Amino acid sequence: MSAVVAAVVRDAIVQTTAITNIVGSGSSARVYASFRPSTDLPCIVLTYGSDQDLSPTLARTDCLRRMSVQIECYGAVLSHSRNLAEQVRRALHGAAGLYRSTRIIEIRVTSVQTEYDFGHDATELQAHITTVMAEVTYRSPAVSPTFIVDPNAQP
């Protein structure tokens, strides 16, 4: 299920014109998962965090879940990374709907912070990074737990 929720965040980003005007569109969009290759700036790196039950019940009938997502917006100068992060925040905060048969209840931006990356041994591009933290609340399909039996049990 996490793959669908991860896709909803990426798709919301790459379908927003204000963002694709900055990072490109289609297969050449500079939106990456979990790492930043040596590439032109600006770009976005998505890192997916915990995916957990919100209020699990003993019978496991509650399918409400929340996944955290870290969206790093890289720019050569501070204003570029901050502007890209603001466009991401606008695109994601409050988003909801049905996506690939999964009910997305809400995407909520929880924080935005900025830092400067000096690069690694001066071989990487130096960049400003503005990180947007978001939580995706969704309803997952019901589980079908396995009934566990002891094959060595006495009748």
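Predicted model: local features only at pLDDT ≥ 70, side-chain atom pairs only at ≥ 80, totals over all residues.
**Stop 1: helix α3**

Start by selecting residues 78-92, which form helix α3. How far apart are the end C-alpha atoms of this helix? They are 21 Å apart, and this agrees with the span of 21 Å that 15 residues should give at 1.5 Å a residue.

Now show the side chains of S81, L84, A85, Q87, V88 and L92, which are buried in α3. Turn the view to look down the axis: these residues cover an arc of only 160°, which puts them on the same side of α3.

What do the buried residues of α3 pack against? Colour their partners to find out: the helices α1 (2-14) and α2 (17-23), together with the strands β2 (43-53), β3 (64-75), β5 (102-117) and β6 (127-139).

Before leaving, click on G94, which follows α3 and has a positive phi, near 90°.

**Stop 2: D11**

Next, go to helix α1 and pick D11. Is D11 buried or exposed? Its relative accessible area is 16%, under the 20% cut-off, so D11 counts as buried.

The side chains of D11 and R100 make a polar contact at 3.5 Å.

**Stop 3: R30**

Finally, select R30, in the loop between α2 and β1 (31-33). R30 is buried yet has no salt bridge. Which side chain of opposite charge is nearest to R30? That is D40, 5.7 Å away. Then display the backbone of P42: the side chain of R30 reaches its oxygen at 2.8 Å.

How values were computed:
Residues numbered from 1 in each chain as written. Heavy atoms only, no water. Helix = DSSP H or I, 4+ residues; strand = E, 2+ residues; numbered from the N terminus. Expected span 1.5 Å × (residues − 1). Buried < 20%, exposed > 50% of the residue type's maximum accessible area, 1.4 Å probe, protein only. Arc of directions from axis to C-beta. Contact = heavy atoms within 4.5 Å. Lys, Arg positive; Asp, Glu negative; His and termini not counted. Salt bridge = Lys/Arg side-chain N within 4 Å of Asp/Glu carboxyl O. Polar contact = N/O pair within 3.5 Å; in protein donor to acceptor, adjacent residues only side chain to side chain.
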